[in-house]
Amino acid sequence: NFPQHIANLKMIFGMMRKNGLITDDNWTKSISAKIDAVESTISKKSKNFSTTAINQINATLNEVSAQNGKHLTPRGAYFLSKELGSLLARIENGSY
């Protein structure tokens, strides 16, 4: 379910930061805020919520790509991209 998926994603962020795959606390907060925005969008189920959520996740994926090797190790970028891609696919196919 969606709330569990978001909770798992946030837990992954924390574990990645603790294990050095994310190297900057401020970036962790920034990416978490983006996921909070996706969570809020989907929870409200307003008109075009899925399009908005898809756009938000794509923006987050772009940020992950941009931070690869900077505030995020390549391995961290892989894991985040995979998790965000899973969330994106579920929204695109109407699972949420």
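Tutor: Let's start with a term: a salt bridge is a side-chain nitrogen of Lys or Arg within 4 Å of a carboxyl oxygen of Asp or Glu. This is a predicted model, where local features need pLDDT of at least 70 and side-chain atom pairs count only at pLDDT 80 or more, while totals for chains, interfaces and linings use all residues. Residues are numbered from 1 along each chain as its sequence is written, and side-chain values use heavy atoms, leaving out hydrogens and water.

Student: How far apart are the closest N and O atoms of Lys 10 and Glu 39?

Tutor: Lys 10 lies in helix H1 and Glu 39 in helix H2, so their pairing ties together parts 29 residues apart in sequence. Helices here are DSSP runs (H or I, at least four residues), numbered from the N terminus. The two residues form a salt bridge, and the gap between those closest atoms is 3.2 Å.

Student: Is Glu 63 buried or exposed?

Tutor: Glu 63 has a salt bridge too, with Lys 34. Buried means under 20% relative accessible area, exposed over 50%, and partly exposed in between (1.4 Å probe, protein chains only). Glu 63 comes in at 16% relative accessibility, so the label is buried.

Note on methods
Helix = DSSP H or I, 4+ residues; strand = E, 2+ residues; numbered from the N terminus.
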